[in-house]
Amino acid sequence: MGERESDVPVLGSVRVAERRAAGHDGDVRAESAVPDRATLRLALVVGGLVLAVLFGFGLGRINSGTVAAASGSPDSALAEHTHSPGTGAHSHEAGQADAAAAGGLAVSHAGYTLSPLSGEFTAGQPGELRFQIRDGQRRAVTRFAVVHDKPMHVIVVRRDLTGYQHLHPIMATDGTWSVPLTLPRPGVWRAYADFTALADDGRQTATTLGVDLVAPGGYLPRGLPAVTTSTTVGGFTVAYQGTPEPGLTVPVSFRVTTPDGTSPVLERYLGAYGHLVALREGDLGYLHVHPESELVDGAIQFWLTTPGSGRYRLYLDFATAGEVRTAEFTVIVP
């Protein structure tokens with residue numbers, strides 16, 4: 001049994017209905033293909049509305065730029081800021097300004113405060129760094145997301161950018177973090193707490209807070225080493241490629257080789273094949289650097305965003321045969 005045709009007219013089309021003429025079962029007669037006035041009038045009204053909507057949408061795109069830029073899409077969030085291997089340099093949208101800004105310049109930011117419980121050390125003597133992260137109500141924060149295999153990363157460096165250390169403290173039940181720390185030389189040191197806090201409502205806030213530490217004694221600052229694209233550490237040669245530019249996110253890759261020119265077996269460290277910290281000379285601004293999860297043509301690749309011109313120090317942590325080594329570079333961003 002064939003399907004029965006609907007008697008409702010289709011807008012925007014001309015429907016031809018067929019019926020048999022009375023008394024002539026074998027003849028088929030077609031009714032007029034011209035739509036009635038009511039159908040034609042309705043079609044014209046709907047068509048006009050469609051054109052008006054399309055015209056208004058086009059004007060909106062011209063006046064406000066792209067939809068993503070106007071609405072603050074999730075792509076602007078640092079936690080979602082990912083890149084595919086081989087992606088070229090690119091600039092950040094307005095919503096991504098925080099990704100390009102240097103962190104660690106203050107003890108309070110984004111509603112959280114770094115409260116040190118120890119701050120003075122004896123140069124060359126073992127000590128302990130203790131601190132809490134407190135929220136806007138001065139309560140100790142105890143919930144943190146695990147990022148790069150750890151809930152808290154602490155970077156310590158002297159103000160002349162020497163003596164770099166990458167530490168992972170342990171948190172007590174009251175929210176107090178502690179880690180053994182030795183400051184090898186006198187001077188003022190900077191400690192950075194790099195973390196992602198979890199609020200009661202489930203919101204995640206990634207931030208880096210900084211505080212000064214003091215090791216009393218004669219402070220003889222050292223100048224930054226000369227700019228070079230390769231260095232030697234632990235018998236390995238580490239060379240990097242990439243040209244940082246202010247306000248742009250560019251790929252920077254590091255290749256590790258043995259004395260005979262072969263590539264060693266790199267091991268994952270903190271969930272990736274390398275960890276990179278960039279610090280700016282002068283204010284010691286701390287930069288977030290995004291790694292690729294896999295090697296790219298045998299090299300460790302990161303995505304570096306520098307907020308402005310100046311001299312920067314890069315610290316690459318990488319692991320081979322169960323040992324973590326740090327390669328350091330001086331970079332000038334014009």
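Let's start with Arg268, which is partly exposed, with a relative accessible area of 39%. Keep in mind that you're looking at a predicted model. Arg268 takes part in a salt bridge, and the structure holds 10 salt bridges. Here's a quick tour of some of them.

**Arg268 and Glu294**
- The side chains of Arg268 and Glu294 come together in a salt bridge, at 2.9 Å from N to O.
- This pair links distant parts of the chain, 26 residues apart: Arg268 sits in the loop between β15 (248-257) and β16 (275-280), while Glu294 sits in the loop between β18 (289-291) and β19 (300-305).
- Glu294 is partly exposed, with a relative accessible area of 46%.

**Arg311 and Glu281**
- Arg311 and Glu281 meet through their side chains in a salt bridge, with 2.8 Å from N to O.
- Arg311 belongs to strand β20 (residues 310-320) and Glu281 to the loop between β16 and β17 (286-287), so this pair ties together parts that are 30 residues apart in sequence.
- Arg311 is partly exposed at 32% relative accessible area, and Glu281 counts as partly exposed at 36% relative accessibility.

**Arg139 and Asp135**
- Arg139 forms a salt bridge with Asp135, and their closest N and O atoms are 2.9 Å apart.
- Asp135 has 14% relative accessibility, so Asp135 counts as buried, because buried means under 20%.
- Arg139, with 46% relative accessibility, counts as partly exposed.

**A network**
- Which residues are linked in a network of salt bridges? They are Arg159, Arg190 and Asp212.

Conventions:
Residues are numbered from 1 along each chain as its sequence is written. This is a predicted model: local features need pLDDT of at least 70, side-chain atom pairs count only at pLDDT 80 or more; totals for chains, interfaces and linings use all residues. Side-chain values use heavy atoms; hydrogens and water are left out. A salt bridge is a side-chain nitrogen of Lys or Arg within 4 Å of a carboxyl oxygen of Asp or Glu. Buried means under 20% relative accessible area, exposed over 50%, partly exposed in between (1.4 Å probe, protein chains only). Helices (H or I, at least four residues) and strands (E, at least two) are DSSP runs, numbered from the N terminus.
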